[in-house]
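Visitor: I would like to go through this structure and ask what lies behind each label. Could you take the terms one at a time?

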Amino acid sequence: MNLDLPLRALDNAHRRAVLTAMRDPSKNFVPIDGVDPLEHGVCVAQISEFLGVNQSTASTYMRLLFDADLVSTERVGRYTRYKRNEQTIAAVAAAIANQL
């Protein structure tokens, strides 16, 4: 596995914080439009509020995580929702353990 892109995406405290918070999205993110964050994921507005950054910055963070396949997306209503990609996260962790 090529770790360059995932490691680049994880080389930021805010992006790591989002991935950690997304383990339990119901606890860490305020629901928007009554959509369950556990079932459908969280949107950039929720992530922006959680991190205390503007939505443009949050969107850039999520794009990097998405490009590294650490999160997946689902369109729900007018929002793109993000969820952790547990399979890729586990593969990255295993690759790090094997290569170092």
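Guide: The axes of H5 and H6 come within 8 Å and cross at roughly 105°. Axes here are lines fitted to C-alpha atoms, for helices over the stretch in contact, with angles running from 0 to 180 degrees between N-to-C directions. The model is predicted: local features need pLDDT of at least 70, side-chain atom pairs count only at pLDDT 80 or more, and totals for chains, interfaces and linings use all residues. Residues are numbered from 1 along each chain as its sequence is written, and side-chain values use heavy atoms, leaving out hydrogens and water.

Visitor: Why are H5 and H6 called roughly perpendicular?

Guide: Angles of 65 to 115 degrees count as roughly perpendicular (under 35 roughly parallel, over 145 roughly antiparallel, the rest oblique). The crossing angle is roughly 105°, and H5 and H6 are therefore roughly perpendicular to each other.

Visitor: Which residues of H5 and H6 meet?

Guide: Val44, Ala45, Ile47, Ser48 and Leu51 in H5 meet Gln55, Ala58, Ser59, Tyr61 and Met62 in H6. Contact means heavy atoms within 4.5 Å. Leaving aside neighbours within four places in sequence, Met62 is in contact with Val18, Met22, Ile47, Val71 and Tyr82.

Visitor: What makes Phe29 and Phe50 a tilted aromatic pair?

Guide: Rings of Phe, Tyr and Trp (its six-membered ring) pair if their centres lie within 6.5 Å; planes under 30 degrees apart are stacked, over 60 edge-to-face, and the rest tilted. Phe29 and Phe50 are 5.1 Å apart centre to centre, with 45° between the planes, so the pair is tilted. Phe29 sits in the loop between helix H3 (25-28) and helix H4 (37-40), and Phe50 in helix H5 (residues 44-51), 21 residues apart. Helices (H or I, at least four residues) and strands (E, at least two) are DSSP runs, numbered from the N terminus.

Visitor: Why is Phe29 called buried, and Phe50 partly exposed?

Guide: Buried means under 20% relative accessible area, exposed over 50%, and partly exposed in between (1.4 Å probe, protein chains only). Phe29 has 3%, so Phe29 is buried; Phe50 has 34% and therefore counts as partly exposed.

Visitor: How do you know that Asn85 makes a polar contact with Asp69?

Guide: A polar contact is a pair of N or O atoms within 3.5 Å; within protein, one must be able to donate a hydrogen and the other to accept it, and residues adjacent in sequence count only if both atoms are side-chain atoms. The side chains of Asn85 and Asp69 make such a contact at 3.1 Å. Asn85 also counts as buried, at 16% relative accessibility.
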